[in-house]
Each structure stands twice: as structure tokens, then as C-alpha cells.
Amino acid sequence: MARVKLIVSRDDIAPEHHALFDELAALRGRISGPSTVVLHSPGLARPWNEISEYLHRHSVVEPQHAELAVCATARERDCAYIWNAHVPLARKAGVPAVTIDLVRDRRGVIGMSGPEMAVVQYVRQLIQNNRVEPNVFDQLLQAHGAQWLVELTVWIGRYQALAGILNGFDLKPTMAAEELPATPRPAATGSAARAPLATPRIAPITRRDQVSEAHRPIFDAVAEGRGSVRGPFGILMHSPVLCRRHLDVGTFLRFNSRLEADSRELAIIATAREKDCPYIWAAHAPAARQAGIGNAVVSAVRDRADLAGVPAAERDIVDYTRQLAKDNAVTPVLFDRLQGRHGVPWLVELTCLIGHYGIVASILNAFEVAPAPDAEPLPPAGGQKGT
């Protein structure tokens, strides 16, 4: 049973949000899955859903590759709900049964076709190691191009974010036609994630004249408030419409969320640490301190240290982020404590914030976007966690 009341009918939401409910329900005939949780934050629900609508209706990634990536992500994140929903779609798209079985059982990639093998390796490396090996990245880039690979990476990051909602709020499929058995995750490698390469793997889009006239308003929207297009947006602009939808989610979470600045920045740096993402760390560790997070807490997050000395409210946010990343689940006592302290909409927005910055980290890590040489460093800490 889910940990919160799910929003599945108009009566479950305030009357002023009925039009939004109807709009989202009309897209697929009903409200289901993560949307039943995200609608607890109506202001977030529309931009959050727009990313899925782009991926499912407009992405250049072919359904066979997209659904295989989703299923592999569901396996890595132990998300039975996504697995049950997408295995039938993968079969329909032409993914062979043997490939699905190999993914489900966490077996090696021998037995898959070359293209399938590369997609599964890309998912596994990105989630398990927070990096992608050159041979896998280059194979997919040369076969499909920059926009395709940007969108594939967002497919993976997006379904990690959705798994965070489903796992965190304990949503299970009501009728599991495609069961996802409990299977041991890969053992820790014992080595820390390497630093990003000095140069991104594709040329970032940082100038207005690099995009078509039709997409220049998107470029301008990204640059507004930042002064330039940089970091993840230089990569995301290879898929301009998707970039705009990603921007809209980030804008809500940064400026309209119920999360206080200190809670928001703490969750972001905790996500940066779990994702071994130096760029996010460099951008947000100073912001966390400015928002009131003590240097000792920032250091504990950076070093993956024990949280016993961290104030309770801050400890719970870091612990929530760590549990989602390492365990693909959240203990009832922690969930209930956060819900009791902050309420359901706040907890929904926290979970979506973690998922959103997980997408950002996926882009930055896969495409090897490094922070400035003089930025605050994120040193290797504690090796891999076997996610």
C-alpha cells in the first residue's frame, strides 16, 4: 500500500486544480503511477509531466532503444512498477525476450545484438559507475548522433527520477504481469569514480547562432538569469525542446518550491555526492553554505561521513537522498518523520528535486562536463556503492 493517499480522481484534489487534473488525465485516459504522487504538488505536476510527454511523443530515440533503456533502468533501480509497465512496451517495440531476460536477471550482455548491448551497457555504466566508458559512448554517438544520445541519457535519468518517486512512496503494480524478481545488485568495485575529462565529449552549444532561428527563444530563456548557456544546458541544447521542458522543471524547483533554500541546496549537494558529479558540487556547495548549511555538514556530505553529528532536520534530508541512491528504497521511519515534519507536498518536491538533479548529473557525467579548474573540488570519497 502506498505511503500517502494517491490522487486518482478529481475529488482527491482541490477544486481550483480540477482543470489541471482533467488535462493530465486526458493524455492517457487516467491518472496513474508517479502522477498520482506528483499531483500533491499541482504547480510542479504540469512541467514535470511535460518531460515525459516529449520523450514519449517526440523523442528521436526509437521505441526499441528507448524501452530497452527504461527496462534496464527499472532493473538497476529495482523498480517493479516501471518494469511491469514497460516490459510489454519493450516487447511490442521489438526487444527480444532473451534480451529482456538478461536485463531482468542482471546477467552479462553476451546474447544481445550489438545495438542492444551498447544501450544496456550505457545504462549500467551510467547508473553503477556514474561514468560511461569511451567505447560505449562513442559507439552510440557515431551510430545515432548528439541529439539522440542526449535524449537517451534523459530517458535514463528521467526513469531514475520516476523510480525515486515510486520507490520512495512505495507504489507497487496492482497486477504484476511482468514480475521483477529480487536479484542481488553488483558488488562494489572498491574504486572511486574518476574525475571528468578536461573536454566535453561533444561540443556544447553556447552561442545563439549555433541553433536555428526557431529555437533561439529557448536559448534566450536558458541564458536569462544565467548570463550564458553553460553546464548541462550546453549539452541539452542539442535537443532544444527537451531542454526547454527541463528548464521549466528546474525553474519551479528553484523559485516556486515549498522547500526552503537550505533544504533545497542540501539535497542538491547530497545528490551531487551520490552521483559523483563535480560540476553540480562546485555550483551548489557555496550556495548551500550561503543558505545556512554549516561547513561541517557540507564536509560530512562531501566525505560520505557518518551523520551522527549533523542536526536532525539536515541529517534526514541527506539520509533520504542516500537511501534512494544506495538502497532504491526509503525506510518507513525516515519517510514518516519527513512527512510529519514537512507534509506530503514538500516531500514530493524533495523527491522530484533529487530526481531532477539526478538527470542533470547523468548529462554532466555521461558527456564529461567538468567544472572550472579553480572551482571547489569534489574529491573521490569511499569508492562506488554498488548501485
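A network of salt bridges links Arg-75, Asp-78, Arg-106 and Arg-185, a salt bridge being a side-chain nitrogen of Lys or Arg within 4 Å of a carboxyl oxygen of Asp or Glu. The model is a predicted one, in which local features need pLDDT of at least 70 and side-chain atom pairs count only at pLDDT 80 or more, whereas totals for chains, interfaces and linings use all residues. Residues are numbered from 1 along each chain as its sequence is written, and side-chain values use heavy atoms, with hydrogens and water left out.

By the salt-bridge rule, the count comes to 29. Side chains of opposite charge can pair when their charged atoms come close. Glu-53 takes part in a salt bridge with Arg-28, with 2.8 Å between the closest N and O atoms. Because Glu-53 belongs to helix H3 (residues 42-58) and Arg-28 to helix H1 (residues 18-28), this pair ties together parts that are 25 residues apart in sequence. Helices are DSSP runs of H or I with at least four residues, numbered from the N terminus. Glu-53 is buried, at 4% relative accessibility, while Arg-28 is partly exposed, its relative accessible area being 48%; buried denotes under 20% relative accessible area, exposed over 50%, and partly exposed the range in between (1.4 Å probe, protein chains only).

Glu-53 also meets the side chain of Arg-57 in a salt bridge, at 2.4 Å from N to O. Both Arg-57 and Glu-53 lie in helix H3, 4 residues apart, or about one turn of the helix.

A further salt bridge joins Asp-220 and Arg-208, whose closest N and O atoms are 2.8 Å apart. This pair links distant parts of the chain, 12 residues apart: Asp-220 is in helix H10 (residues 216-223), and Arg-208 is in the loop between helix H9 (146-168) and H10. Asp-220 is partly exposed at a relative accessible area of 32%, and Arg-208 is likewise partly exposed, at 36%.

Beyond its neighbours within four places in sequence, Tyr-122 is in contact with residues including Val-132, Phe-137, Leu-149, Ile-156, Ala-366 and Phe-367, contact meaning heavy atoms within 4.5 Å.

Methods. Helices (H or I, at least four residues) and strands (E, at least two) are DSSP runs, numbered from the N terminus.
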